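Could you show me around this structure, one selection at a time? I have it open in my viewer and would like to know what to click on next.

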Amino acid sequence: MIKMLKNLFGKKEEEYIPDPPGRTFNRVLSGRYFGCENANADESAIATAKQEKIDQINELELVPRFVRYTYKNTKKNETEGNHPISAHVTFQKEVFAEKWNMVHVTEISFIVYYPDFDEFEKMSGFSLTDDFRDLSSTTFNGKDRRKDKRDI
């Protein structure tokens, strides 16, 4: 009887659900290279693949974030005039969700080969040297805890 009265007139305790801080990460798969993955593709297929990547960047309103150059020699300053072979570019957009104290990150990344640098800059409207944060000199010096080698 007492339990029934408590249930009728007592205060109901609401379950407390804390706001989980953190990030959600959405990687948009767009292919590994700026261009067509098929080595035997004709020029029109390559141009279409390049334009699709640029369209995805514009549609998702992504901004340039990081670039990492790959050089022919392992040491960047070994010979004068050493130019990069390729650049791995990353575009991201971060959206803050106030209700849950979270950051939602959307990312596209791919590799641009040296002959395509100028075309990429014209199509995207971004400069590889000015608009991206260069991570080429950043290396991992700690102990790698992975069982398998990283695929770079």
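Two strands count as paired if DSSP finds at least two bridges between them. Keep that in mind for the first stops, and remember that this is a predicted model.

**Stop 1: the strands.** Select residues 63-71, which make up strand 2, together with residues 133-134, which are strand 5. These two run parallel and are joined by two bridges, so they meet the cut-off of at least two. Click on Val67 and you will find Asp134 of strand 5 opposite. One spot to check is Tyr71, whose bridge partner in strand 3 is Pro84.

**Stop 2: the rings.** The whole structure holds eleven aromatic pairs. Among them is Tyr69 with Tyr71, a tilted pair with 6.4 Å from centre to centre and 50° between the planes. Tyr69 is buried, at 13% relative accessibility.

Next, select Phe91 and Phe126: their ring centres are 5.8 Å apart and their planes are at 55°, so this pair is tilted. Phe91 lies in strand 3 and Phe126 in the loop between helix 3 and strand 5, so the pair ties together parts 35 residues apart in sequence. Is Phe91 buried or exposed? Phe91 is buried, with a relative accessible area of 0%, while Phe126 is partly exposed at 22%.

Over the face of Phe110 lies Lys53, 5.8 Å from the ring centre.

**Stop 3: the surface.** Finally, select Met1, Met4, Leu5, Leu8 and Phe9, which make a nonpolar surface patch of about 640 Å². Met1 is in the segment before helix 1 and is exposed, at 73% relative accessibility.

Definitions and conventions: Residues numbered from 1 in each chain as written. Predicted model: local features only at pLDDT ≥ 70, side-chain atom pairs only at ≥ 80, totals over all residues. Heavy atoms only, no water. Helix = DSSP H or I, 4+ residues; strand = E, 2+ residues; numbered from the N terminus. Patch = residues over 30% accessible without salt bridge, like charges linked within 9 Å, V, L, I, M, F, W, Y side chains within 5 Å. Areas by Shrake-Rupley, 256 points an atom, 1.4 Å probe, with all protein chains shown as cover. Salt bridge = Lys/Arg side-chain N within 4 Å of Asp/Glu carboxyl O. Buried < 20%, exposed > 50% of the residue type's maximum accessible area, 1.4 Å probe, protein only. Phe/Tyr/Trp six-rings, centres within 6.5 Å; stacked < 30°, edge-to-face > 60°. Lys NZ or Arg CZ within 6 Å of the ring centre and 35° of its normal.
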